Amino acid sequence: MTVQQKELSIPPARGRFSSLLLAGGSEPDPRFTLANERTFLAWIRTALALLAGGIAVEVFTYELFVPEVRKLLSVSLMAFAMLLSTAASIRWLNVERALRHRAPLPLPALVPLLSIGGTLVTLILAGFFLFRQA
């Protein structure tokens with residue numbers, strides 16, 4: 001920060017990359033930016049749990065599932081984790097832009113995504129347990 005910026009209490013300019021991503025607007029209240037970041041981190045934590053679940057299905061259910069079902073479940077959970085973390089990043093950026101432009105917040109596409117993904121994995125598991133040979 002330059003001496004002139006300190007004297008006038010002007011915040012330092014963002015870098016070129018940040019300015020490109022955030023596309024103008026004014027700096028929002030830090031509380032809102034931090035709340036947006038906490039929400040992003042909660043989605044990332046959920047994605048990491050799904051990733052761990054996919055790995056656990058592959059490693060610890062060797063005798064429970066036939067190989068095709070085990071692979072389908074583990075890959076589905078890991079792909080879902082990747083999709084969720086990507087969607088969380090896009091959501092964080094869109095909310096940050098809306099805050100900067102004092103625009104309405106975008107609708108969360110992550111909620112239906114998480115619901116549909118969870119339903120699909122549950123249906124696969126339920127179908128396997130209902131139709132497997134004892």
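Visitor: Which elements have the lowest and the highest mean pLDDT?

Guide: Helix 1, residues 3-8, has the lowest at 52. Helix 3, residues 30-60, has the highest at 95. Where pLDDT is low, the predicted coordinates should not be read in detail.

Visitor: What elements make up the protein?

Guide: There are 5 helices and 0 strands. From the N terminus the order is α-α-α-α-α.

Visitor: How many of the residues are buried?

Guide: Buried residues are 22% of the 134 in the protein. The cut-off for buried is under 20% relative accessible area.

Visitor: What share of the contacts links residues 24 or more positions apart?

Guide: Such pairs account for 69% of the contacts with a separation of 6 or more.

Visitor: Why are helix 3 and helix 4 called roughly antiparallel?

Guide: Their axes lie 7 Å apart, and the helices pack at an angle of about 175°. The label needs an angle over 145 degrees. Helix 3 and helix 4 are therefore roughly antiparallel. The residues of this contact divide into 19 nonpolar, 8 polar and 5 charged.

Visitor: What makes helix 4 roughly antiparallel to helix 5?

Guide: Again, take the angle. The axes of helix 4 (residues 67-100) and helix 5 (residues 110-131) cross at roughly 175° and come within 10 Å. The threshold is 145 degrees, and the angle must be over it. So helix 4 is roughly antiparallel to helix 5.

Visitor: Which residues make that contact?

Guide: From helix 4 they include Val-69, Leu-72, Phe-80 and Arg-91. From helix 5 they include Leu-110, Gly-117, Ile-124 and Phe-128. The residues of the contact of helix 4 with helix 5 divide into 16 nonpolar, 3 polar and 1 charged.

Visitor: How do you know whether helix 3 is parallel or antiparallel to helix 5?

Guide: The axes of helix 3 and helix 5 come within 13 Å and cross at roughly 15°. Angles under 35 degrees count as roughly parallel. Helix 3 is therefore roughly parallel to helix 5. The crossing of the two is left-handed.

Visitor: Which residues meet there?

Guide: Trp-43, Thr-46 and Leu-50 of helix 3 meet Leu-110, Val-111 and Leu-114 of helix 5. By class, the residues of this contact are 5 nonpolar, 1 polar and no charged.

Visitor: Why is Ala-98 called buried?

Guide: Ala-98 belongs to helix 4. Its relative accessible area is 8%. The cut-off is under 20%, so Ala-98 is buried.

Visitor: What does Ala-98 contact, beyond its neighbours within four places in sequence?

Guide: Ala-103, Pro-104, Leu-105 and Pro-106 are in contact with Ala-98. Gly-25 is 73 residues away from Ala-98 along the chain, yet their C-alpha atoms are separated by 8.8 Å.

Visitor: What makes Arg-102 count as exposed?

Guide: Arg-102 sits in the loop between helix 4 and helix 5. Exposed means over 50% relative accessible area. Arg-102 has 64% relative accessibility, so it counts as exposed.

Visitor: What is the phi of Arg-102?

Guide: Phi of Arg-102 is near 50°, a positive value in a residue other than glycine. Most residues other than glycine have a negative phi.

Note on methods: Residues numbered from 1 in each chain as written. Predicted model: local features only at pLDDT ≥ 70, side-chain atom pairs only at ≥ 80, totals over all residues. Heavy atoms only, no water. Axes fitted to C-alpha atoms, helices over the stretch in contact; angles between N-to-C directions. Helix = DSSP H or I, 4+ residues; strand = E, 2+ residues; numbered from the N terminus. Parallel < 35°, antiparallel > 145°, perpendicular 65-115°, else oblique. Contact = heavy atoms within 4.5 Å. Nonpolar A, V, L, I, M, F, W, Y, C, P; charged D, E, K, R; others polar. pLDDT = per-residue confidence, 0-100. Buried < 20%, exposed > 50% of the residue type's maximum accessible area, 1.4 Å probe, protein only. Left-handed = near helix turned anticlockwise from the far one by under 90°.
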